[in-house]
Structures are given as structure tokens and as C-alpha cells.
Amino acid sequence: MGIRTILLQTVFPNLSMIRYCPYCGQQVEARIPLGDERLRAVCKICGYVHYENPRLVLGAIIEWEGRILLCRRAIQPRMGLWTLPAGFMENGESSLEAAARETREEAQAEIEDAELFAFIDVPGIDQAHVFYRAKLVAGQHAPGEESLETALFAEAEIPWQDLAFPTISYCLEHYFADRRTGVFRCHQITLTGWKRQAMADCALPSINERC
Ligand SMILES: [Zn+2]
């Protein structure tokens, strides 16, 4: 890494780490393109500009006879901890299709009657997490390749200390709170304490809930 890149990264901590153009294979340089305001990796030869944007994670809070479906992670990060079925949205699918696919992959389960429940911005790791609430079809579930086990938990049985990510905790807390009132709302939350370097040991994040 050149001294110029190191200095620029000090000023622009989100500088792309790609070194070579994915199209022509030549070295890229750190530059602010004309009309832009952020530093980008720009190919010196073909002019390709590498944009890095937040990624969407889609998941589902799935209920069956009053209990919630959780998966125990078989992969890093947070292997061995419990999560709601969730994962990165793929090109060509809708957000609901992504949530249903992740549920199928991680819990071999199908969902129905899905409603949007939470949109959680996580700017510290350049992600947004979107969760639907839904019903589990036929009560059927089983661990997929990314899960060690799947299980249905009543509210009193939720393993709060062994949940994999802050967004899972907040979804479950808000879900049970809404359920007690009998009215489910759509929640928009910004988690500000979850940083990329703290993935393996993230402290309790602060929260700004707008609705
Ligand atoms: Zn190029």
C-alpha cells in the first residue's frame, strides 16, 4: 500500500481496498471522480469507477403457535449462536423473495402471510437489515447447511444472551412488545454502535427509533 493511499485512507476511512480493475485487470488509483464528492477506486486505463454501496440483509420473524423460529449458526461470524433466518439479498429477487429464500436455506421452512416489520440501518457496517414477520407453513422446519439446529421458542424461552447479532435482539424485543399490544407496527431503527471491526465482539449498540 502506497503512502498516498494510506494518507487518503486516513481522511476517507471507507476507501475501497480493490487494487485491480475487474474489467481490464489494470491497477486502480484512489481518486474523486469529476462531479463526485467521495474517493473512489478508479481504473487508470479504462476509467472504470468502483462504487461501494450498502448491502441489504433480508430476514424473517416466523411464528408458529405463538413460538418463534430460530436457527443456531453453523458458520462464522457468530457460529453457535442463535439467529432469525436472514442473509444477503441476491440480484434479481424481491426483498420478500430474499427473506423466503433465506428461510428455506437456513431452516428448510416456508413462510406465508408476510408483512414488513423492521428496516434497520446499520451504517457502521455499511448494511441495512430488513425483516418481515410471517407465519410458518405447517410448523415444519429443519436445519439447512448453514444451521446447526432449528427450534421454536416461546417468548420466555428466547436465548437472549446467545443471540448472534444486535438486529436480532431488537427485532425480537419489538415483535414481542407489539404482540402484547395486539398491534404490529413497522419499525425504523438506526443502530449506531455496531462497527465493522467489532463484529466478533460487538458491544450493545445505541439505538434511535423513529417510529
Ligand atoms: Zn479498467
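This is a predicted model: local features need pLDDT of at least 70, side-chain atom pairs count only at pLDDT 80 or more; totals for chains, interfaces and linings use all residues.
Residue numbers start from 1 along each chain as its sequence is written.

**View 1. Strand β11 sits beside β8 in parallel.** Four bridges join these two strands; strands count as paired if DSSP finds at least two bridges between them. Helices (H or I, at least four residues) and strands (E, at least two) are DSSP runs, numbered from the N terminus. Look along β11 and you will see His-187, Ile-189 and Leu-191 pointing to one face, where they are buried. Buried here means 20 or more other C-beta atoms within 10 Å of the residue's own, exposed means 12 or fewer, and partly exposed lies in between, with C-beta atoms placed from the backbone. In a regular strand the side chains alternate between the two faces of the sheet.

**View 2. Leu-84 is part of the largest nonpolar core.** This core has 38 residues, and those with the most contacts inside it are Ala-60, Ile-61, Ile-62, Leu-84, Phe-131 and Cys-171. Elements giving two or more residues to the core include β4 (55–64), α2 (95–107) and α3 (166–181). A nonpolar core is a set of buried Ala, Val, Leu, Ile, Met, Phe, Trp, Tyr and Cys residues joined through C-beta atoms within 7 Å. Beyond its neighbours within four places in sequence, Leu-84 is in contact with Gly-59, Ala-60, Ile-61, Leu-70, Phe-131, Ile-168 and Cys-171. Contact means that the two C-beta atoms, placed from the backbone, lie within 7 Å.

**View 3. Three strands form an open sheet in the order β1-β2-β3.** The pairing is antiparallel, and four bridges link β1 to β2. Arg-31 has Arg-40 in β2 as its bridge partner. β1 (28–31) and β3 are the edge strands, each with a single partner, so one side of each has no neighbour in the sheet.

**View 4. Gly-47 lies in the loop between β2 (40–43) and β3 (49–50).** Gly-47 is exposed because 11 other C-beta atoms lie within 10 Å. Pro-33 is 14 residues away from Gly-47 in sequence, with 9.7 Å between their C-alpha atoms.
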